[in-house]
Amino acid sequence: MTAPQNLRLLIFDFDGTLGDTSLIITTTMQATLKALGLPMKPAKACRQTIGLPLAGCFKALMEMDDEMAQKCADTYRVLFEEKSKTLQVKPFPHVITTLQRLHSEGFLLSIASSRGHDSLMNFVNAFRLAPYISLVLGGDDVERAKPDPAPVLATLSHYRLRPSEAMVVGDMHYDILMGRNAGCLTCGVTFGNGSRRELREAGANFVIDDFRDLEPIAASLSRTIGRP
């Protein structure tokens, strides 16, 4: 894959990339298993499924049919609302300021997540990201979820851009594969739920340990944005 002629769009995952949701997700998954009388799984195993659609998370966690997976997803949503009252989700360090700078430099910013659209918007509003994020796609906004390229392709269609003009940023190999499958450059972040090794093995073009390191990478890939 060649470098884009002019990077214009950054497509972000949410969980583990913008928002530090690992604790509330894993504890809610474990509470769901307990509520339904299913075998308990450690937090690490739960964390490794983050990025998949909710029912898919539980199917990846253990063998179950579609009906049980959907029952897990429905139970999870109820429990998540309860836990969100006590477990506060915060953005990772430097996320807000970096998004502000990228936006001010003229980059288009969007979110493509497996999280439901309404839940995503709650976080976008809570983090006050609406002035910077111009498109939010949740798992229920597309027919096929990551690692399928559908969320990225829908985003590109919305902005009428080519894959060479976009980069996908995420913390899991699912995000990297989604971006690569769409023909985009990708950047992995190590402070979320995936490891540097997993991100590299998935084919990430860049891997960063601090969200603010994204700004110089984006600038280097753009011929015109941020230039006098």
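This is a predicted model: local features need pLDDT of at least 70, side-chain atom pairs count only at pLDDT 80 or more; totals for chains, interfaces and linings use all residues.
Six strands make up an open sheet, in the order E5-E4-E1-E6-E7-E8. Their pairing is parallel. Strand E5 (135–137) and strand E8 (206–208) stand at the edges. Each has a single partner strand, so one side of each is left without a neighbour in the sheet. From one strand to the next, the twist averages 20°.

Now look at strand E1 (9–12). E1 sits between E4 and E6 in the strand order. With E4, E1 pairs in the parallel sense over 4 bridges. Leucine 9 has leucine 108 in E4 as its bridge partner. With E6, E1 again pairs in the parallel sense over 4 bridges. Here leucine 10 has methionine 167 in E6 as its bridge partner.

What covers the two faces of E1 can be read from its side chains. Leu9 and Ile11 lie on one side. Leu10 and Phe12 lie on the other. All four are buried, and both faces of E1 are covered.

Strand E4 (residues 108–112) pairs with E5 in the parallel sense over 3 bridges. Isoleucine 111 has valine 136 in E5 as its bridge partner. Helix H6 (residues 117–126) packs on the sheet here and touches E4 and E5. The direction of H6 makes about 140° with that of E5.

A further helix reaches over several strands. Helix H7 (residues 150–159) lies across E1, E4, E5 and strand E6 (166–170). H7 runs at about 155° to E5.

Next comes a helix pair. Helix H1 (residues 22–35) and helix H4 (residues 66–83) have axes that come within 9 Å. These axes cross at roughly 125°. Angles of 65 to 115 degrees count as roughly perpendicular and those over 145 as roughly antiparallel. H1 and H4 are therefore oblique to each other. Their crossing is right-handed.

Which residues make the contact between H1 and H4? From H1 come Ile24, Ile25, Thr27, Thr28, Met29, Ala31, Thr32 and Ala35. They meet Cys72, Thr75, Tyr76, Leu79, Phe80 and Lys83 in H4. By class, this contact has 9 nonpolar, 4 polar and 1 charged residues.

Note on methods:
Residues are numbered from 1 along each chain as its sequence is written. Side-chain values use heavy atoms; hydrogens and water are left out. Axes are lines fitted to C-alpha atoms, for helices over the stretch in contact, and angles run from 0 to 180 degrees between N-to-C directions. Angles under 35 degrees count as roughly parallel, over 145 as roughly antiparallel, 65 to 115 as roughly perpendicular and the rest as oblique. A crossing is left-handed if the near helix is turned anticlockwise from the far one by less than a right angle, and right-handed if clockwise. Contact means heavy atoms within 4.5 Å. Ala, Val, Leu, Ile, Met, Phe, Trp, Tyr, Cys and Pro count as nonpolar, Asp, Glu, Lys and Arg as charged, and the others, Gly among them, as polar. Two strands pair if DSSP finds at least two bridges between them. Buried means under 20% relative accessible area, exposed over 50%, partly exposed in between (1.4 Å probe, protein chains only).
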